[in-house]
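Biologist: Could you go through this structure with me, taking one topic at a time?
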Amino acid sequence: MVTVCGFVLSTHLWQIYVLLIIKSSFSALFSPAESGKIKEIVPNEFMQPAVATRELVNNGAKIVGPIISGAIVSFIGIKWAFYLDSLTFILSALFLSWVPGAGTVRTNQGKTYTFKRQSFMQQFKEGFRFIIQSPRLLAGLLVFCFVFFALQIADSQIVILLRELDGDPTNLLGWIMAASGTGVICASLLLNKKEIKSYLTSLCFGSMELGSVLALEGTLIHSPYLLVAILYPLTGIIAGFSFGMAMMPFDIMVQKMTPQHLTGRVFGVIGSFVTTSTLLGLACGGLISQYLGVVFTFILSGSLLVMCGMIVYSFRRRLDGVKKDAESITGTLH
């Protein structure tokens, strides 16, 4: 809440940068805690619809939020959009204060685990050790990080790509973003109803479909503007759906395989790796676009995603056949 209000009160650009760093730091703390709380509350048999519902709410808010924001800015001014936004964080904190906490948790084997005070590195090592002892989690994490890396190579350059058009790219960018959110919502609705048989298979096909869309967008950019204006929102829906079908199954797999007392640590490690992959993808995307062109950047990004999905798909049976119980790993950690 304080950070959001700070954006309104800032007078220099460096203050905005500092506030953005603070905001990202709080987000990095929130995400593993949120995942841990879901694990604490939701039984494994309901984990898939729970994660799908969470993403449905998140992406629905990304569509509804800008609409409400535009109305607020139009009628009462941009500063009030920030003030009302900060109020929503206060309401969120009040809602969370009613959610019961737990100092101890019970594992599937009936053992009671009490949380101990540990340093950041101890917690990070504990989460990382659990991941590397589970081949499916480790493989999923590596693929997931590569998907984010390859995706950011193109996604960071979407504005540069749209500058190649003869028409106005501003409205088209808005439609693409809304279409992408709609695609994720469609994936959330599907996963609310249909059970996933193989998480790695879903991750592979999601990666290949997403890569195909990005390569197609790079290829079509010099087509007539009317054709691009029609096809790009459609590809945005497919891209959002493919990303959702790659992201949510991995999230569900981690939730189900990770013991409750390690969920925050494991998701913290995953978040660190994904953030690093994202930053590397952003940097590589800028360099490739500058020296080899933005069209080549999209085709390269799409090709990497398709290749990644195909390679992992060829090994999926071996990885899915690994039946290593998460509780046995936990016993080793104890």
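Biologist: Is Arg-54 buried or exposed?
Modeller: Keeping in mind that this is a predicted model, Arg-54 has a relative accessible area of 12%, so it counts as buried, the cut-off for that being under 20%.
Biologist: And where is Arg-54 in the fold, and which residues does it touch?
Modeller: Arg-54 sits in helix H3, residues 47-76, and, leaving out residues up to four places away in sequence, it touches Glu-34, Ser-35, Ile-38 and Asp-251.
Biologist: Switching to rings, how are Phe-144 and Phe-250 arranged?
Modeller: By the pairing rule the count comes to nine aromatic pairs, and in this one the ring centres are 4.6 Å apart with the planes at 25°, so the pair is stacked. Phe-144 belongs to helix H6 and Phe-250 to helix H10, 106 residues apart, and both of these residues are buried.
Biologist: What about Phe-148 and Phe-243?
Modeller: Those two form an edge-to-face pair, with 5.7 Å from centre to centre and 75° between the planes. Because Phe-148 lies in helix H6 and Phe-243 in helix H10, the pair ties together parts that are 95 residues apart in sequence. Ring pairs also link Phe-144, Phe-148, Phe-243 and Phe-250 into a cluster.
Biologist: How many residues of H6 are buried?
Modeller: In H6, 16 of the 21 residues are buried, so the helix is largely enclosed by the rest of the structure.
Biologist: Last topic: at what angle do H1 and H4 pack?
Modeller: Helix H1 and helix H4 pack at about 170°, with their axes 8 Å apart, and they are therefore roughly antiparallel to each other. By class, their contact has seven nonpolar, one polar and two charged residues.

Terms used
Residues numbered from 1 in each chain as written. Predicted model: local features only at pLDDT ≥ 70, side-chain atom pairs only at ≥ 80, totals over all residues. Heavy atoms only, no water. Axes fitted to C-alpha atoms, helices over the stretch in contact; angles between N-to-C directions. Helix = DSSP H or I, 4+ residues; strand = E, 2+ residues; numbered from the N terminus. Parallel < 35°, antiparallel > 145°, perpendicular 65-115°, else oblique. Nonpolar A, V, L, I, M, F, W, Y, C, P; charged D, E, K, R; others polar. Buried < 20%, exposed > 50% of the residue type's maximum accessible area, 1.4 Å probe, protein only. Contact = heavy atoms within 4.5 Å. Phe/Tyr/Trp six-rings, centres within 6.5 Å; stacked < 30°, edge-to-face > 60°.
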